[in-house]
Amino acid sequence: MAQEQFLFFCVNVGSEKLLKEEIKTFYPELSLSYSRKGFITYKNKGVHYKISTISQLQVAFATRVGICFGKSAPSSLHEGLDIALKQYSVSKDDCLLHSFSINTDAEFDASKYFDRAVNEYSSMGKNVIDLICLGEKEVWIGLHTVGKGTTRYPNSQVEVDSPLHVPSVGYKKLSETFKLFAIKTNNYQSWLDFGCAPGGSSMFLLEQGCKVWGIDPADVDEALLENRLFNHIKTPMQDLSHETLPDEQIHWIHADLNLNPKQGIKEVLRLAKKYNSTLSGIIFTVQVVNPRTIQEIENFEDQFYDWGFSNIQSVQVPSHKKEYGLIAKRK
Ligand SMILES: C[S@@+](CC[C@H](N)C(=O)[O-])C[C@H]1O[C@@H](n2cnc3c(N)ncnc32)[C@H](O)[C@@H]1O
């Protein structure tokens, strides 16, 4: 085992402060070592992670977390990597390769140095070498394993298609969440979309063939109103009751509200109770209104556990700004 252990955290550019606040709150044994836009390393002064436990380190504001082996000039990459992997009893040939750049136009051609193709996707249980290019000749080397809750794409960057006209970034936020966290829906399912205006998230769900009940006092895009599978309930959610919500099966709830998250979660869970027997999950966007919101990450999750959800993740997808998604699924 290594004498000193460093960990790397990739983060959306602009969310570095949020990540640091999260680490300070939940992982005080980590001490900041190096910080760049989109990439931060910490020295682990606590119990060292092993290759079998590193995927348990789940941080909402990190797009990738792993053991950090430092930076290397491309010419000496193999030498450093071989020594580092030996400490963890991992064979280079058994690892997948993820290679990506952060906040730079420079690219590192990993396939040339490893003489094999890099991987665009990883599967459960695999060890992955991360080659993280931060500039010309600056490549950081890391290692992560794919566990439950680890996204499969290099640094969680996914390409999502969107139509020419989308009413808002809500379309992209939700499509990235679907792709990264393998959320499946179909045309037999109905969704409630709390805070649906102007309509990006609802448009995405309609494109999956779902029926959508959008709840928002604000106006929605014309394209939604023309869709026969969309219904607009133009009322603030606090004014709704189980009696005024649709009397049909609802399978999923999405919520993205300009509302204090504590209040938003309370209202969503109050109304969700009506659909206790049919609901598969809730995707709730937590707006980070101040640093205190970060300290509440676990409390927010606990409210969903208390309600009966068993599979809960707090995550930031590439299009999230001062916000993150809480994904709560039932078995
Ligand atoms: C970030 S926007 C939602 C974006 C939307 N999901 C989309 O994809 O276009 C937040 C929305 O929350 C709505 N909102 C705020 N308070 C609300 C409440 N009490 N009930 C319902 N909607 C509310 C606002 O009107 C606003 O349209």
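**Entry 1**

I note here that the model is a predicted one. I then checked where they touch, and found 14 residues of domain 1 in contact with 14 residues of domain 2. On the domain 1 side of this contact I listed four nonpolar, eight polar and two charged residues.

**Entry 2: Thr41**

I located Thr41 in strand 3, which covers residues 39–44. Is Thr41 buried, exposed or partly exposed? I found 19 C-beta neighbours inside 10 Å, so Thr41 counts as partly exposed; a buried residue would need 20 or more. I also looked up what Thr41 touches beyond four places away in sequence: Phe6, Leu7, Phe8, Ser33, Tyr34 and Cys68. Ile67 is 26 residues from Thr41 in sequence, and I read 9.3 Å between their C-alpha atoms.

**Entry 3: His98**

I found His98 in strand 5, which spans residues 96–101. His98 has 25 other C-beta atoms within 10 Å and is therefore buried. Leaving out residues up to four places away in sequence, I noted that His98 touches Val118, Asn119, Ser122, Val128, Asp130, Leu131 and Pro154. I also looked up Lys17, which is 81 residues from His98 along the chain; the C-alpha atoms of the two are separated by 25 Å.

**Entry 4: backbone angles**

I then looked for exceptions.

Ser89 is not a glycine, yet its phi is positive, near 55 degrees. I placed Ser89 in the loop between helix 2 (77–87) and strand 5 (96–101). Ser89 has 9 C-beta neighbours inside 10 Å and so counts as exposed.

Asp115 also has a positive phi, about 55 degrees, without being a glycine. Which loop holds Asp115? I found it between helix 3 (110–114) and strand 6 (127–135). Asp115 counts as exposed because it has 7 C-beta neighbours inside 10 Å.

I looked up the peptide bond between Ala197 and Pro198 as well, and it is cis, with omega about 0 degrees. Pro198 lies in the loop between strand 8 (190–194) and helix 5 (200–207).

**Entry 5: the ligand**

How many residues surround the ligand? I counted 22, and the closest are Ser168, Gly170, Gly195, Gly200 and Ser201. By type, I sorted this shell into 12 nonpolar, eight polar and two charged residues.

**Entry 6: a pair of helices**

Two packed helices are described by the angle and the distance between their axes. I looked up both values for helix 7 (residues 261–272) and helix 9 (residues 297–307): the axes come within 11 Å and cross at roughly 10 degrees. That angle makes helix 7 roughly parallel to helix 9, because angles under 35 degrees count as roughly parallel. I listed the residues that make the contact: Pro261, Ile265 and Leu269 from helix 7, and Phe300, Gln303 and Trp307 from helix 9. Sorted by type, the residues of this contact are five nonpolar and one polar, with no charged residue.

Notes:
Residues are numbered from 1 along each chain as its sequence is written. This is a predicted model: local features need pLDDT of at least 70, side-chain atom pairs count only at pLDDT 80 or more; totals for chains, interfaces and linings use all residues. Axes are lines fitted to C-alpha atoms, for helices over the stretch in contact, and angles run from 0 to 180 degrees between N-to-C directions. Helices (H or I, at least four residues) and strands (E, at least two) are DSSP runs, numbered from the N terminus. Angles under 35 degrees count as roughly parallel, over 145 as roughly antiparallel, 65 to 115 as roughly perpendicular and the rest as oblique. Two residues are in contact if their C-beta atoms, placed from the backbone, lie within 7 Å. Ala, Val, Leu, Ile, Met, Phe, Trp, Tyr, Cys and Pro count as nonpolar, Asp, Glu, Lys and Arg as charged, and the others, Gly among them, as polar. A residue is near a molecule or strand if its C-beta atom, placed from the backbone, lies within 6 Å of it. A residue is buried if 20 or more other C-beta atoms lie within 10 Å of its own, exposed if 12 or fewer, and partly exposed in between; C-beta atoms are placed from the backbone.
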